[in-house]
Amino acid sequence: MNEQQSLWDFMRQQSGKLAEQTVQHIGLTFISLFIAVLIGLPLGVFISRRKQFSGPVLGVAGILQTIPSIALLGFMIPVLGIGAKPAIAALLLYALLPIIRNTFTGITGVDAAVKEAAVAMGMSKWQVLKKVELPLAMPVIFAGVRTATVITVGVATLASYIAAGGLGEFIFGGISLNNTNMILAGAIPAALLAILFDFLLSRLQLLNLKKLKTATKMLPLLLILLSSFYWLPSAYGSKLKAGFTPEFMGRRDGNLGLQSKYGLRIRTVVISDAVMYKAAYEKQLDVISGYSTDGRLRAYNLVVLKDDKGIFPPYYAAPIIRESSLKKFALLENVLNLLAGKINDSTMTALNYQTDYLHQSPEKVAKDFLVSQKLLRPAQNGNEGVVRIGSKIFGEQYILANIYSMLIKGYSNYDVATKTGLGGTKICFDALTNDQIDLYPEYTGTGLLAILQPSVKVIDSVSASSKATYNYVKDGFEKKYNIKWLKPIGFNNAYALMMRREQAKKLNIKTISNLKRYLDNR
Amino acid sequence: MIKVEQLCKHFGKVKAVEGISFEVEEHENLILLGTSGCGKTTTLKMINRLIEPTSGKIFIDGKNILEQQPEVLRRGIGYVLQNNGLFPHYTVAENIAIVPQLLKWDKKRIEKRIIELLEKLHLSTRLLGAYPGELSGGQQQRVGLARALIADPAVLLMDEPFGALDNVTRSKIHAEFKALDELKRKTIIMVTHDVQEAFELGDRICIMDKGRIVQMGTPSELLFNPADDFVSGFLKEHKLQLELRSVQMHNIWQWLAIQPAKMGPGIPAETNVWAGMELFKFNQEDFINITHKETHEVKSASFEQLMSAFYQYKKQQAHE
């Protein structure tokens, strides 16, 4: 794709998708907020009446707030599956604390003399609440709703991890694809939404002082209206449902290629690869975009559909390293090449299976592997400089980083510092070019499509053969970045479409063309 | 009209009110007087059930209020608070209209009644659209009083109603309070810690200490026949002034000499001695002429003669 494309061009080009994601984002935010108000407001009133419950309720809401958002979303999947439901549930849990706390604070803060006067005048408990306590607490409650809104707009970006849509699709897709415009196309509207909603609510609050009664009635109406923005993406209504990662969605060798080369039309949701395999196993999804060496392929009994038209370019893994580091650590190239050709697809899948599914530590898996290959040597505890190894944020990269670390320590006098879990390609590669790490394992396909990004013609010509791809990225990296590709490790961790084994068998689908035919014969 | 029998209120181990009994006649103004923590406010709040008694009975018009629905009971009792308790989010008109709205009066009736009350309380109708925060302390207190009076309840409970006002505003409101016809047909129980206020406004005063009634009686009964050292100690600081205020000209009538009227202002025999003395001080008079209401007899007295009559009255009281 065109590197010089501006943010504005990108947003215009993707305006349909951008609008859809924005609408989903608004919808998600307000459904969650609406339910959070429905739950939080009565709960806040309740604990202001029965103060002995205020500690426990606020405590639990506070604990919910401290759970990392992604973890909370993860907890929701076994209970509520994927899609809008778990996302809304998680978002509303985040919105609860400020709403409950501000309702409680607001109501307990109402002047005791005013409350006493209301009771002495002969108002019932309900009348005191409705006519005195809630209106007087409203500014504080509103402040809580505003806080909750801003939090929810922010956290809702993570909803794209579990196929609930929203602006997170662009943000996380952009991070995976090393596409700054895409990140900004998601991040800027999300930030604007937060600012806009906060502003609008503040206006509503000002209005509130004078036309209190109407404003109080308008708030739920407004929330319902905005909530109705959200609907589940059901573009093609096919029999099977696919879940693709944000990265896969935006790639020519991903969903775009499936559409243009195979003409595949399938109902698609965007989902994080962390939960995708499990969702397929639990029949929430039928087709997913996995990696061919992923351990979960084996764990969840999934089968790879053959890419009979060859749209997925080869993704052979090899360490990439700064030229300056090679000069600094003279022995390093030979040590790293000890691993060349040692791991094939099935070996890698097995190693991944041990970490991803059997939950063994990458360190143990790496050590066991080196022992089995008779490559392990005791560490020399050398002090001739420190080699910094990076890795992306998934199991396979952790294993490779550990293997390289052990090899370097055993075969040289260098010490090693690992910086694992560096997010996606963009983060890892930026760390390398900025001299924050010396090397990390990269894949030829990623180097070609995500980093070098040559013209479509070049891509089509080189990606047909694994050798051509390797040579192209090797030359390109050396010229452009002074970074060297060492010898490939052996396995090809390419994109692949996967299905549950028994379903694929039942429907007699072995290749992607089979899948297309099945979808078209409705 | 109001009858309290063996009323107790315990907050845990603290005995806030401990077995008190009293009666208030119709159209009487009873003052509960005492230091803070003596149980006077707790007693007051039990009468409209803002606080539920631990034991004891309260009757209003012969009906046991503890058997009535609290909301209905409260709509029939006016309540005025120290810090007025006006709703800050309601206008003056809305604040005053709270009880009639609970009683579902029609709009016109409410409006008419509000205008009537504002006039009596010397409040401008221009204030109707204002919020309590925009009013002065005195105005707020008047609006609070209007709110309590609007549904014309037979009983009015007042919890230190003038406590938050400065002295000048307070004495002005005291004068209006005494002159207000609406209040003359009400049975009022008022709580205060201000001795002068109690003597100025009360028909009878009930002095409380540590949850019990120490003495109950008219102002002069308390002054001239204090039940014990606590009562006399409590009143000591203001004693002379209170005495002069609580004695009226007809009380000392017999000690005033009969002599022909001299030059000087005429006052009725219901005037208290303090007010008579003020005429000497502020008007530089030598004599005042006092007219007896029933006999239409007129006696005139100099300052010295007035004082001498007062002390003779006092001496006689002490011997009784």
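This is a predicted model: local features need pLDDT of at least 70, side-chain atom pairs count only at pLDDT 80 or more; totals for chains, interfaces and linings use all residues.
I began with the largest nonpolar core: of its 157 residues, Leu258(A), Ile343(A), Leu497(A) and Leu515(A) touch the most other members. A core here is a set of buried Ala, Val, Leu, Ile, Met, Phe, Trp, Tyr and Cys residues joined through side-chain atoms within 4.5 Å, and buried means under 20% relative accessible area (1.4 Å probe, protein chains only). Helix α5 of chain A (residues 84-108) gives the most to this core, 16 residues. Another core, of 109 residues, lies apart from it and includes Val24(B) and Phe177(B).

Residues are numbered from 1 along each chain as its sequence is written, chains are lettered from A in the order in which they are written, and side-chain values use heavy atoms, without hydrogens and water.

Next I looked up a helix pair (helices are DSSP runs of H or I, at least four residues; strands are runs of E, at least two). In chain A, α18 (362-372) and α19 (395-411) pack at about 55°, with axes 8 Å apart.

Last, I checked chain B, where three strands form an open, mixed sheet in the order β11-β12-β13. Strands pair if DSSP finds at least two bridges between them. Three bridges join β11(B) to β12(B), which run parallel, and Ile267(B) has Ile290(B) as its bridge partner.

How values were computed. Buried means under 20% relative accessible area, exposed over 50%, partly exposed in between (1.4 Å probe, protein chains only). Axes are lines fitted to C-alpha atoms, for helices over the stretch in contact, and angles run from 0 to 180 degrees between N-to-C directions.
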